[in-house]
Amino acid sequence: MKNVLIISASPRKGGNSDILCDRFAEGAKENGHIVEKIFLSAKNIGYCRGCGMCSSTHKCVQKDDMSEILDKMILSDVIVLATPVYFYSMDGQMKTFIDRTVPRYTEITGKDFYFIMTAADTEKANLHRTMETFRGFTEDCLDGAREEGIIYGVGAWNIGEIKNTPAYNEAYEIGKKV
């Protein structure tokens, strides 16, 4: 049994990337894992101020929801990062979230990572820039991070359209394999 933490950066509760998060969670729960989803839009997370205080204290000067999320990341076995793709990159909420891991990113070690990206674009290749940004965070910054799966949810613009794409079942099946 693994602790699975899903970070949903969808600005729309029930949006396409959030739907895939829930689908992934269904599969993981079916396989006996403990799953928690954090909906970033419901959290108070400020932008990194670049003050550098965390480099010596390993705590951010901001008093918001990020410290609780960092605790959960450190305790998890599996982390799923999910974002809609806007203008060929992750949305601002995901980028802000990643920036705010700085105080404790060295403690996020030995994790399995899964990635969920959704876009109206129909070409998976156009999501590769977003994936490279995720890899910059996980592969280049986190010790022992393992990329275990990528779900490219393409061809979905309106809420719910993702259910009519192969990514909908793929998210469930990959979740089952955690």
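Which residue lies over the face of Phe39?

**View 1. Two charges over rings.** It's Lys13, sitting 4.3 Å from the ring centre of Phe39. Arg23 does likewise with Tyr168, at 4.4 Å from the ring centre. (A charge counts as over a ring if NZ of Lys or CZ of Arg is within 6 Å of the ring centre and within 35 degrees of the ring normal.) Keep in mind that this is a predicted model, where local features need pLDDT of at least 70, side-chain atom pairs need 80 or more, and totals for chains, interfaces and linings use all residues. Residues are numbered from 1 along each chain as its sequence is written, and side-chain values use heavy atoms, leaving out hydrogens and water.

**View 2. The Phe115–Phe134 pair.** Searching the whole structure turns up three aromatic pairs (Phe, Tyr or Trp rings, six-membered for Trp, with centres within 6.5 Å; planes under 30 degrees apart are stacked, over 60 edge-to-face, the rest tilted). Phe115 and Phe134 make a tilted one, 5.0 Å centre to centre with 35° between the planes. Phe115 is in strand E5 (residues 112–119) and Phe134 in helix H5 (residues 128–141), so the pair ties together parts 19 residues apart in sequence.

**View 3. Around Phe134.** Both Phe134 and Phe115 are buried (under 20% relative accessible area; exposed is over 50%, partly exposed in between; 1.4 Å probe, protein chains only). Beyond neighbours within four places in sequence, Phe134 is in contact (heavy atoms within 4.5 Å) with residues including Leu81, Met94 and Ile98.

Key:
Helix = DSSP H or I, 4+ residues; strand = E, 2+ residues; numbered from the N terminus.
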